Amino acid sequence: LGIEDPIERILALCDAFFSHLERGVFPGGCFFISVAAEFDTHPGEVKERVADFQQKWFSRLEALARQAQEAGQIALDEDITQLIFEVDAFLLMANMSFLLNNNDPVALERGRRSIRARLERARPAGEPAKKPA
């Protein structure tokens with residue numbers, strides 16, 4: 001991506017996800033979210049492959065958050081796995097709300113704001129807040 005800052009890379013990945021929804025790459029929103037919802041209770045290769053993809057996505061975000069924590073951008077007492085779980089939950093909810101509300105862009109904007117706010121709350125105490133983009 002050409003972005004060195006780990007927090008900015010997380011935000012860029014999330015923005016790419018939202019952009020993919022806005023552009024209507026798949027009419028049903030995120031392909032992997034849709035397939036996961038359909039196959040999550042069905043054992044087999046499809047479920048395993050989707051779970052593997054989701055784990056790689058989660059691990060990538062988690063690794064960036066750990067880098068940010070090591071760089072002092074995220075508080076040392078922040079549970080990184082929980083943080084990324086919440087970021088990912090905002091992505092999933094934005095996808096669902098976007099689709100259920102006839103591709104209403106407000107849902108994606110709420111997702112963007114939620115992710116930025118959560119990452120902001122993860123900053124070390126006393127560190128100045130970044131201006132919203």
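Predicted model: local features only at pLDDT ≥ 70, side-chain atom pairs only at ≥ 80, totals over all residues.
**Entry 1**

I placed Asp-52 and Lys-56 on the chain, and both lie in helix α3, residues 45–70. They are four residues apart, about one turn of the helix. I then checked how open each one is. Asp-52 has a relative accessible area of 39% and is therefore partly exposed. Lys-56 comes to 55%, so I wrote it down as exposed.

**Entry 2: the chain as a whole**

I stepped back to the overall make-up. The protein chain has five helices and zero strands. Read from the N terminus, its elements run α-α-α-α-α. The chain has 133 residues, and 34% of them count as buried. I noted an accessible surface of about 8200 Å² for the chain, with 57% of that belonging to carbon and sulfur atoms. I also looked at contacts between residues at least 6 apart in sequence, and 59% of these join residues at least 24 apart.

**Entry 3: α1 and its neighbours**

How do α1 and α3 pack? I found an angle of about 155° and axes 8 Å apart. The angle is over 145 degrees, so α1 is roughly antiparallel to α3. From α1, the residues in this contact are Pro-6, Ile-7, Arg-9, Ile-10 and Leu-13. They meet a set in α3 that includes Trp-57, Leu-61, Leu-64 and Ala-68.

I turned next to α1 (residues 6–22) and α5 (residues 105–121), whose axes come within 11 Å and cross at roughly 170°. That angle makes α1 roughly antiparallel to α5. On the α1 side I listed the contact residues, among them Ile-7, Ile-10, Leu-11, Cys-14 and Phe-18. On the α5 side the list includes Leu-108, Gly-111, Ile-115 and Leu-119. Ile-7 and Ile-10 are named in the α1 contact with α3 and also in the α1 contact with α5.

**Entry 4: Arg-118 and two glutamates**

I counted salt bridges and got seven. Two that I followed up involve Arg-118, one with Glu-78 and one with Glu-86.

In the first, the closest N and O atoms of Glu-78 and Arg-118 are 2.5 Å apart. This pair links distant parts of the chain, with Glu-78 in the loop between α3 and α4 and Arg-118 in helix α5, 40 residues apart. Are the two partners buried or exposed? Glu-78 has a relative accessible area of 16%, so it is buried. Arg-118, at 8%, is also buried.

In the second, the side chains of Arg-118 and Glu-86 meet at 2.5 Å, N to O. This pair also links distant parts of the chain, from helix α5 to Glu-86 in helix α4, 32 residues apart. Glu-86 is partly exposed because its relative accessible area is 22%, and the cut-off for buried is under 20%.

I then followed shared partners elsewhere and found that salt bridges join Asp-15, Glu-22 and Arg-112 into one network.

Which residues other than glycine have a positive phi? I noted Asn-102, with phi near 55°, and Asn-103, with phi near 60°. Asn-102 is found in the loop between α4 and α5, and Asn-103 lies in that loop as well. Their accessibility falls in separate classes: Asn-102 is exposed at 71%, whereas Asn-103, at 44%, is partly exposed.

**Entry 5: a nonpolar patch**

Met-93, Met-96 and Leu-100 make a nonpolar surface patch of about 320 Å². I located Met-93 in helix α4, residues 80–100. Its relative accessibility is 47%, so Met-93 counts as partly exposed.

Definitions and conventions
Residues numbered from 1 in each chain as written. Heavy atoms only, no water. Patch = residues over 30% accessible without salt bridge, like charges linked within 9 Å, V, L, I, M, F, W, Y side chains within 5 Å. Areas by Shrake-Rupley, 256 points an atom, 1.4 Å probe, with all protein chains shown as cover. Salt bridge = Lys/Arg side-chain N within 4 Å of Asp/Glu carboxyl O. Helix = DSSP H or I, 4+ residues; strand = E, 2+ residues; numbered from the N terminus. Buried < 20%, exposed > 50% of the residue type's maximum accessible area, 1.4 Å probe, protein only. Axes fitted to C-alpha atoms, helices over the stretch in contact; angles between N-to-C directions. Parallel < 35°, antiparallel > 145°, perpendicular 65-115°, else oblique. Contact = heavy atoms within 4.5 Å.
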